[in-house]
Structures are given as structure tokens and as C-alpha cells.
Amino acid sequence: GCQVIEGKIDKKANIRLLRDNKLIYDGKLNSLKKFKEEASEVKEGNECGMVLENFQDIKQNDILESYIIEEEKRSL
């Protein structure tokens, strides 16, 4: 299980897994659950369960960062 310490986790977001300040995984979420039910978002202070796409080696004290890449059209 995981706890959201700051911000929120969105199911559509990308995830970075850091272990001892080294990048171990950078990819997508396969599943995000809150209270054993599938969730689209989990906010700060809540616990959740996460399954990463094509990665199973999550260990205690790993840090998961959620981020979204947005494209913006340039303006003059």
C-alpha cells in the first residue's frame, strides 16, 4: 500500500519510482485503488494501492512521483 504525502495521484498520470534517489522506473499506472475499489484519483493524506505497468519490484521506502506531460501551443 501507498500513502499520498503531497498533491494527488491521477490514474492517467505518468509515474516515476525512486529508490535511494535513483530512478528505477518511469512509466504508467496499470491500476489505482482506494479501499479496494478502482479510483481515477487519490488525494493528499489518503492511502491507496498502485500497480505499475510492466513492473513489480516495489519495495518499502520507495518514492513514487506522479506527473502529467501537457502540450501547449506557442503563442506570440
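Guide: Strand E8 gives the largest share of the lining of the largest pocket, four residues. Strands (E, at least two residues) are DSSP runs, numbered from the N terminus. This is a predicted model: local features need pLDDT of at least 70, side-chain atom pairs count only at pLDDT 80 or more, and totals for chains, interfaces and linings use all residues. Residues are numbered from 1 along each chain as its sequence is written, and side-chain values use heavy atoms, leaving out hydrogens and water.

Visitor: What volume does the largest pocket have?

Guide: Rolling a probe the size of a water molecule over the atoms shows where empty space is left. On a 1 Å grid over the protein atoms alone, a pocket is an open set of points where a 1.4 Å probe fits, with protein on both sides within 12 Å along at least five of seven lines; lining residues have an atom within 4 Å of a point. Here the largest pocket has a volume of about 470 Å³, the space filled by probe spheres set on the points, which are joined across faces, edges and corners. Of its 20 lining residues, Gln3, Val4, Ile5, Ile63 and Leu64 are the closest to the centre.

Visitor: Is leucine 32 buried or exposed?

Guide: Buried means under 20% relative accessible area, exposed over 50%, partly exposed in between (1.4 Å probe, protein chains only). Leucine 32, in strand E4 (residues 22–34), has a relative accessible area of 0%, so it is buried.

Visitor: Where does aspartate 62 lie?

Guide: Aspartate 62 is in the loop between E7 and E8. It counts as buried because its relative accessibility is 16%.
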